[in-house]
Amino acid sequence: ELTALHLQLMATDSDTPSSQLEFTLIAGPAGAFLNPNTGLFTWTPSEIQGPSTNTVTVSVTDNASIPLTDTKSFRLIVMEVNSAPEVKPIAAQRVDFGRTLKLAVQATDLDSPANGLHFGLAPGAPAGVMLDSTTGLLRWRPMLEDASQTNEITVMATDDGELPLSGTATFTVAVSDYAEIRVESTVVRAGETGSVALQMISSDNLTNVTVSLEFPINRLVDLNLIDLAPLMGSIQGTSTGAVISIAAPSGQLLRGTNQLGRLSFTAA
């Protein structure tokens with residue numbers, strides 16, 4: 001099936017001089033063609049025509065005043081051929097860190113009758129990607145190390161033919177940048193001084209960061225940044241708390257997990 005057949009039919013005429021001959025396709029499968037002048041038989045079986053056994057009947061007729069004809073029949077056996085599944089192309093994706101990417105991988109089998117399909121991931125997919133082998137549902141929740149990265153994922157659909165074949169589709173997933181300031185917790189009595197650590201987690205190279213810290217300003221006073229070295233920082237009070245700015249020394253960058261320093265205060 002799906003393969004072109006070219007079969008040259010031969011005929012001779014014993015008259016002298018030889019008569020002109022014309023070929024005719026009397027019976028044969030749909031789509032078959034016989035050139036009446038050259039005797040070239042051509043046919044490309046379709047997917048639904050295999051497997052099958054087909055009887056072809058042809059004739060050749062001379063152009064004498066009383067035309068005479070010879071007829072022959074032969075069989076054409078079409079073998080079943082497994083065609084690879086086709087996976088529907090997947091557009092480039094984007095996902096924010098901390099959220100889950102969900103998409104349905106779709107595939108079709110071109111065989112008739114269609115084979116069953118199961119889905120899988122090609123090597124090289126980022127850690128944590130899950131693809132349901134039956135439904136084709138892909139899920140991925142990126143980790144922090146995936147942020148600011150563009151990842152390539154190749155999905156496969158494999159049929160259950162006698163000689164299984166696979167189709168693939170490759171797409172990219174861009175994970176957004178991520179930065180977070182974490183503030184330590186502590187307990188202090190009224191009138192006492194305390195401090196909490198400031199930690200930054202960033203997926204990209206940063207030179208500086210500014211963060212708005214909200215708290216009841218009648219509860220905390222005398223806010224200061226301490227233990228910053230070698231970082232540089234400033235703090236400015238607002239009506240709802242404070243704005244903290246921290247910068248890396250010239251030529252240095254903040255990336256990954258960094259201890260920024262400590263925020264000291266007095267409990268009013």
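How many salt bridges does the count come to? The count comes to three, a salt bridge being a side-chain nitrogen of Lys or Arg within 4 Å of a carboxyl oxygen of Asp or Glu. The model is predicted, so local features need pLDDT of at least 70 and side-chain atom pairs count only at pLDDT 80 or more, while totals for chains, interfaces and linings use all residues. Residues are numbered from 1 along each chain as its sequence is written, and side-chain values use heavy atoms, with hydrogens and water left out.

One of the salt bridges pairs K72 with D70. The closest N and O atoms of K72 and D70 are 3.0 Å apart. D70 is partly exposed, at a relative accessible area of 41%. Here buried means under 20% relative accessible area, exposed means over 50%, and partly exposed lies in between (1.4 Å probe, protein chains only).

A further salt bridge links E180 and R182, with 3.3 Å between the closest N and O atoms. Both partners are partly exposed: E180 has a relative accessible area of 24%, and R182 has 42%.

R262 and E184 also form a salt bridge. Their closest N and O atoms are 3.2 Å apart. R262 lies in strand β22 (residues 254-267), whereas E184 lies in the loop between β16 (179-183) and β17 (193-206), so the pair ties together parts that are 78 residues apart in sequence. Strands (E, at least two residues) and helices (H or I, at least four) are DSSP runs, numbered from the N terminus. R262 is partly exposed, with a relative accessible area of 24%. E184 is likewise partly exposed, at 39%.

Strands β16, β17 and β22 also belong to an open sheet of four strands. The order is β16-β17-β22-β19, and the pairing is antiparallel. The edges are held by β16 and β19 (220-226). Each has a single partner strand, so one side of each is left without a neighbour in the sheet. From one strand to the next, the twist averages 25 degrees. For this angle, axes are lines fitted to C-alpha atoms, for helices over the stretch in contact, and angles run from 0 to 180 degrees between N-to-C directions. Strands of a sheet pair through backbone hydrogen bonds, either parallel or antiparallel. Two strands count as paired if DSSP finds at least two bridges between them. The antiparallel strands β19 and β22 are joined by five bridges. L225 stands opposite L263 of β22.

Strand β19 also holds D222. D222 is not a glycine, yet its phi is positive, at about 55 degrees. D222 counts as exposed, at 54% relative accessibility. A positive phi also occurs at L2, near 65 degrees, again in a residue other than glycine. L2 is found in the segment before β1 (5-8). Most residues other than glycine have a negative phi, and most peptide bonds are trans.

P51 sits in the loop between β4 (40-43) and β5 (52-62). P113 lies in the loop between β10 (107-108) and β11 (117-121).

Another proline, P142, lies in the loop between β13 (137-140) and β14 (150-159). P142 counts as buried, at 3% relative accessibility. One cavity of 30 Å³ or more was counted. A cavity is a set of points, on a 1 Å grid over the protein atoms alone, where a 1.4 Å probe fits but cannot get out; lining residues have an atom within 4 Å of a point. Grid points are joined across faces, edges and corners, and a volume is the space filled by probe spheres set on the points. The largest cavity has a volume of about 40 Å³. Its lining consists of I181, L198, V209, V211, I244, S245, I246 and L260. Strands β18 (208-214) and β21 (241-247) each supply at least two residues of this lining. The largest share, three residues, comes from β21. The lining of the largest cavity divides into seven nonpolar residues, one polar and no charged. Ala, Val, Leu, Ile, Met, Phe, Trp, Tyr, Cys and Pro count as nonpolar, Asp, Glu, Lys and Arg as charged, and the others, Gly among them, as polar.

How values were computed
On a 1 Å grid over the protein atoms alone, a cavity is a set of points where a 1.4 Å probe fits but cannot get out, and a pocket is an open set with protein on both sides within 12 Å along at least five of seven lines; lining residues have an atom within 4 Å of a point.
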